[in-house]
Amino acid sequence: MNDASRLAIGQAQYSALLYPQGTFVDDVIVHRLGEDEYLLVINAGRARRISTGFAITFAQHPPFDCKVEHLSDDFTQIAIQGRRAWTCCRS
């Protein structure tokens, strides 16, 4: 939903993943890893389905010169949430 190309390398942004007609799919975190490299963090319960959908979509639309890799087995993310999260996690 946001323009990830506006992120600085090393920045991340909370965003929404939308269907082509604009309806909500899921929330995501987009990390800009390099000039043309991004990491999209998707809800674990839907990650395989969504990454497969990306791969199919990009394959059907040749102007997109990109590679989609499902890397869920290589990464873990823990989201500390709640009103006391900041006080619990500061060092």
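Ala12 stands opposite His31 in β2, and that pair is a handy way into these exercises. The model is predicted, so local features need pLDDT of at least 70 and side-chain atom pairs count only at pLDDT 80 or more, while totals for chains, interfaces and linings use all residues. Residues are numbered from 1 along each chain as its sequence is written, and side-chain values use heavy atoms, with hydrogens and water left out.

**Exercise 1. Work out the strand order of the sheet and how its strands pair.**

Step 1. Strands are DSSP runs of E with at least two residues, numbered from the N terminus. Two of them pair if DSSP finds at least two bridges between them.

Step 2. Go through the pairs. β1 and β2 run antiparallel and are joined by seven bridges; Gln13, for instance, sits opposite Val30 in β2. β2 and β3 are antiparallel too, with six bridges, and Ile29 has Val41 in β3 as its bridge partner.

Step 3. You get an open, antiparallel sheet of three strands in the order β1-β2-β3. Its edge strands are β1 (12-18) and β3 (37-42), each pairing on one side only. From one strand to the next, the twist averages 35 degrees (axes are lines fitted to C-alpha atoms, and angles run from 0 to 180 degrees between N-to-C directions).

**Exercise 2. Describe the hairpins that link the strands.**

Step 1. Start with β1 and β2: their hairpin has five residues between the strands, and Gly22 there takes a positive phi near 95 degrees.

Step 2. Move on to β2 and β3, where the hairpin runs through two residues.

**Exercise 3. Find the salt bridge partner of Arg32, and say whether each residue is buried or exposed.**

Step 1. Apply the salt bridge test, a side-chain nitrogen of Lys or Arg within 4 Å of a carboxyl oxygen of Asp or Glu. The structure holds one such bridge. Arg32 makes it with Glu35, with the closest N and O atoms 3.6 Å apart.

Step 2. Check accessibility, where buried means under 20% relative accessible area, exposed over 50%, and partly exposed in between (1.4 Å probe, protein chains only). Arg32 has 7% relative accessibility, so it counts as buried. Glu35 is exposed, because its relative accessible area is 56%.

Step 3. Look at the other neighbours. Not counting residues up to four places away in sequence, Arg32 touches several residues, including Leu7, Ile9 and Tyr38 (contact means heavy atoms within 4.5 Å).

Conventions:
Helices (H or I, at least four residues) and strands (E, at least two) are DSSP runs, numbered from the N terminus.
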